[in-house]
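Please open the structure in a viewer and keep the selection tool at hand.

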Amino acid sequence: MNNSQNFSNFIDLVALMGRSDFDSSLLFYLNTWIQSKHFSILRVKDNVPALLLCGTQDDSHIVPWSCVQSYVKRYHVYDDLYQTLATQKLQPNQTTTGQLCADDIIFLPYRQEIYEKNGLIQRLCGLYRDEDNYPILFNLYRHKEQGFYSDHEIANFEQMIPALAKMIQGHLALQEKTAQKNFKQQLLKQQPLLTLQELEVCTRILKGMSYIGIATDLGLKESTIKTYRNRAFEKLGINFKNQLFAMFLR
């Protein structure tokens, strides 16, 4: 594909910033330069990662979401790649990148549950810091059926990550203005009896925050957060978080 077509693809992706189909289109447009199976974007606040966006080229969105949940709950402390990137002293608007092969992960449960279980063999990671100096991770994952990333693809990723970081920042800023409002509106449409506290907890779950993260954000105990969650789920007629997410994938 020639440079003018590459530029056109990038402009098409920029045009999707702030829209609900940005995450589902990201890998499609990036395929020109880097072919990946899944992606995830996480923000790490007070050593607690939270999911901002994830997507896949598969029909099912469960794989990237479940991988991130396992990572957030159990395995982020074993992520040597993140630790290496996060300890670098970055200037404002500066980015850094790294890569990891599944076979190089030392902690076996982490490697098995996230990588081997889902056929993932390699991860590219770009890191930048947001306006509050919290790390933002942009991860691309390669499936075994695709083989490893080529040197050319890795070079493309390293060259593109500054522009991608700016694009992601812009998208998240636009999305943040409407996300909570839209979540609350749809939840109330599903169940008008939800209280303000139940809505606040559910919207944060939908944003990928952990219960510890939600508790910190709202200044409440984790047990209180889970009580609000249980009450909300009972009113919504669901039992699990993936059912809550499914309500917004229809």
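A cavity is a set of points, on a 1 Å grid over the protein atoms alone, where a 1.4 Å probe fits but cannot get out; lining residues have an atom within 4 Å of a point. This is a predicted model, in which local features need pLDDT of at least 70, side-chain atom pairs count only at pLDDT 80 or more, and totals for chains, interfaces and linings use all residues. Residues are numbered from 1 along each chain as its sequence is written, and side-chain values use heavy atoms, with hydrogens and water left out.

**First stop: the cavity**

Select Ser40, Cys67, Val68, Ile114 and Tyr141, which lie nearest the centre of the largest cavity among its 15 lining residues. The volume of this cavity is about 140 Å³, a volume being the space filled by probe spheres set on grid points joined across faces, edges and corners. Next, colour strand 1 (38–45), helix 3, helix 5 (108–116), strand 4 (120–129) and strand 5 (135–143), each of which supplies at least two lining residues. Helices (H or I, at least four residues) and strands (E, at least two) are DSSP runs, numbered from the N terminus.

**Second stop: the pocket**

A pocket is an open set with protein on both sides within 12 Å along at least five of seven lines. For the second largest pocket, select Val48, Gln69, Val72, Lys73, His76, Ser210, Tyr211, Ile212, Glu222, Lys226 and Lys241, which line it. About 200 Å³ of space lies there. Which helix gives the most to this lining? Helix 3 does, with 3 residues. Helix 8 (211–218) and helix 9 (222–236) are also among the helices that each supply at least two.
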